[in-house]
Amino acid sequence: MIDGHFIVLEGIDGSGTTTQSAILADRLRDQGLPAHTTREPSDGPIGVLIRQILTGRVVTPSQHGARPPTWATMATLFAADRLDHLEAEIHPNLHDGVTVICDRYDHSSVAYQTVSAGGSEEVSSWVLTLNRHARRPDLTLVLDVDPEVAATRRGMRSGGPELYEVSEMQVELAKFYRKIDELFPNDRIAHIDADKDVDGVAEAVWAEVVRLRGESA
Ligand code: TYD
């Protein structure tokens, strides 16, 4: 059996990765192609712990009171979750010939953990090393969005802001994502203008997936 395609959607919070993952999977299924949507943090045990940290339900005690774990702890948790996710969910689906569409992957680790650590290249390089054994996607779609547009979208969601949903950080992340290709020179990365409406973005995403499928046919 030929492995399915591994497709990743990336972008800042509110860029539309979850919505676009679901639309893409539906379009593939409409064509009779099996597709599986998944996300990181994953729904496995480490991913569940990470989500509890992101929502403030798990904290680290310190002399100055409870605080979130440091960026380095987060980077190692995200990397461990990723390898577990690959083993338990991504690889089995790909090996069954299913296209796997993953909402966030190691580009998020490099972007978020580097920016939350102050933006140094040394941090990016360490996070890349931590994720060295993570299978490369066949295609990564980066949804580039104006941080203000994304903030408005986040404001319409229920629940309070999560750990990284701070406007200043999201502005830095948007800049980081625009040049993220430099850190993944061997990956196939396509940037999508995600300021457009949902249908417009979905069309641009679909065009990239059709190109990938055409090349590997
Ligand atoms: P998100 O994908 O927005 O999920 P939800 O829809 O449940 O809010 O939240 C995940 C957050 O975790 C997001 O702010 C990005 C961050 N993140 C990292 O910092 N590093 C990573 O490696 C990953 C996968 C996510």
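Guide: Helices and strands here are DSSP runs, a helix having at least four residues and a strand at least two, numbered from the N terminus. On that basis the predicted model reads β-α-β-α-α-β-α-α-β-α-α-β-α from the N terminus on, with eight helices and five strands in the protein chain.

Visitor: How do you know that the radius of gyration agrees with that of a compact globule?

Guide: The globule rule is 2.2 Å times the number of residues to the power 0.38. For 217 residues this gives a value near 17 Å, and the protein chain has 17 Å, so the two agree. Its C-alpha trace spans about 60 × 35 × 35 Å along the principal axes.

Visitor: Why is strand 3 called largely enclosed?

Guide: Buried means under 20% relative accessible area. Five of the five residues of strand 3, residues 99-103, are buried, and therefore the strand is largely enclosed by the rest of the structure. Side chains in a regular strand alternate between the two faces of the sheet. Thr99, Ile101 and Asp103 are buried on one side, and Val100 and Cys102 on the other.

Visitor: What makes strand 1 and strand 2 partners of strand 3?

Guide: Two strands pair if DSSP finds at least two bridges between them. Strand 1 (residues 6-10) is joined to strand 3 by four bridges, and strand 2 (residues 35-39) by five; therefore both meet the criterion. Strand 1 runs parallel to strand 3, as does strand 2. Leu9 stands opposite Asp103, and Ala35 opposite Thr99.

How values were computed
Residues are numbered from 1 along each chain as its sequence is written. This is a predicted model: local features need pLDDT of at least 70, side-chain atom pairs count only at pLDDT 80 or more; totals for chains, interfaces and linings use all residues. Side-chain values use heavy atoms; hydrogens and water are left out. Buried means under 20% relative accessible area, exposed over 50%, partly exposed in between (1.4 Å probe, protein chains only).
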